[in-house]
Amino acid sequence: MTVVRTCPACSDTVAAGDVYCEGCGRTLPEDVREARDTDAVATAPQESLADHARPGLVSGDGAPTAPQVSLGGLALGESLPGDSEWDAVDAMATQPVRRAQRPAGTPAPAPARVAPEWPPPATGSTPVQPTNPDLCVWCPGTVLDGYCEKCGFLQPTGRDHVEVRTRSAVGVSDRGLRHRRNEDAMAIRVIDADDPRAPGSVVAVVCDGVSSSPRSDEASRITAETGATVLAERLRQGEDPRAATGAAMTRAAEAVAGIAESPSSAPACTYVSAVVDPGTGTTTIGWVGDSRAYWLSGAPTASASALLTKDDSWSEAMVQAGALSREEAMRSANAHALIAWMGADSGEIDAHISTVTPTGPGAVVLCSDGLWNYYPEAQALTDAVPGAGADPHAAARTYVSLALQAGGKDNITVVVIPVPTAQGGHRAEQA
């Protein structure tokens with residue numbers, strides 16, 4: 001028998017073991033959490049570039065997901081290993097993700113079975129500004145760790161809709177239609193064209209806060225800003241993009257772990273970054289979690305569109321272990337459960353780093369699952385917005401609009417980096 005779990009407050013579908021509802025942030029009652037034998041209709045499967053070679057994409061180091069960089073046990077000044085071997089099966093794959101509840105002594109809000117009388121925040125991009133951060137914006141309750149103790153709603157922030165425009169990359173982030181606040185974050189850095197070591201290089205980071213963790217919006221913001229800042233600085237110092245990517249991920253992981261009150265109350269998020277060389281189009285990707293990077297072809301002569309990352313998710317781990325087919329894994333209610341993330345409770349994890357050199361024109365796109373849940377295939381993203389690299393601002397806005405029109409169930413963040421970039425040559429050369 002198939003059991004579909006739904007939140008009693010907002011009717012959003014929830015997965016086995018979820019403590020909080022992704023849609024409204026309320027604590028789920030025991031009978032919903034412990035319902036058995038659940039399968040859900042999952043997002044269409046997406047095969048990674050790591051599984052099959054894509055024509056026209058040349059990896060600088062073999063398989064796109066190798067090597068990995070450990071983010072555990074490194075001091076700030078230590079160098080990062082660069083050639084560790086790729087493990088076929090993630091060691092955490094058999095460990096179901098279970099987020100701890102609120103810290104001991106903190107009362108959890110009682111789950112309501114009806115919507116509160118106070119109105120929810122307005123939809124759209126206009127943020128609801130709290131007059132008192134200690135009081136709930138939609139009921140008379142008080143706020144603790146971003147949640148109202150009375151109604152259980154997540155509290156909004158001032159970043160419900162954010163757009164970042166630079167001469168070489170554009171990002172758009174929106175809270176979507178179902179969440180009460182935007183728990184995604186992005187950061188973009190463009191190195192000056194006259195820089196002696198990394199002229200015109202484009203750096204971008206996208207992070208997706210884990211909604212079942214406390215202060216997930218703060219986690220994504222701190223992680224994205226730290227990662228992008230350190231990555232750009234390392235490039236300016238002349239460091240290789242791969243080494244710089246690993247160092248930035250380590251610092252970002254330390255930054256988000258540092259804001260945790262305890263391992264059982266740890267803000268957490270996913271992470272994906274890109275460094276694009278404006279002259280050659282060579283792109284270095286680093287990631288932990290299920291935020292993705294894509295190459296989107298901009299012409300018949302360019303490299304074929306492809307997914308550049310492999311999700312750190314339960315479904316992907318089951319496929320890699322040979323335990324389930326991709327279709328079987330994606331039908332499970334645990335399909336999107338993370339097996340790796342950044343946060344004080346993540347344990348020792350392996351960060352993936354990949355370098356590819358596409359033939360342009362085209363675009364590198366970083367996004368949270370608020371977009372790829374609706375458009376998982378690289379070709380589907382390409383077809384939805386043809387020639388995304390030609391007008392990155394319009395492309396990023398269109399992707400967000402398409403996700404909203406498809407349901408806007410999650411926060412949506414998209415960064416579009418044209419290749420060749422604004423400071424690049426006529427087209428990227430095949431390596």
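The protein chain exposes about 17,000 Å², of which carbon and sulfur atoms supply 52%; accessible areas come from the Shrake-Rupley method with a 1.4 Å probe, and for residues only the protein chains shown count as cover. This is a predicted model, in which local features need pLDDT of at least 70 and side-chain atom pairs count only at pLDDT 80 or more, while totals for chains, interfaces and linings use all residues. Residues are numbered from 1 along each chain as its sequence is written, and side-chain values use heavy atoms, with hydrogens and water left out.

Of the 431 residues in the protein chain, 54% are buried (under 20% relative accessible area, with a 1.4 Å probe and protein chains only). The chain holds 8 helices and 17 strands, which are DSSP runs numbered from the N terminus (helices H or I, at least four residues; strands E, at least two).

Helix H3 covers residues 241–257, and its end C-alpha atoms lie 24 Å apart, in agreement with the 24 Å that its 17 residues should span at 1.5 Å a residue (the expected span is 1.5 Å times one less than the number of residues). Among the buried residues of H3 are Arg242, Met249 and Val256.

| Pair | Distance |
|---|---|
| Asp160 side chain and Arg175 side chain | 2.8 Å |
| Asp240 side-chain oxygen and Arg242 backbone nitrogen | 2.9 Å |

Definitions and conventions
Buried means under 20% relative accessible area, exposed over 50%, partly exposed in between (1.4 Å probe, protein chains only). A polar contact is a pair of N or O atoms within 3.5 Å; within protein, one must be able to donate a hydrogen and the other to accept it, and residues adjacent in sequence count only if both atoms are side-chain atoms.
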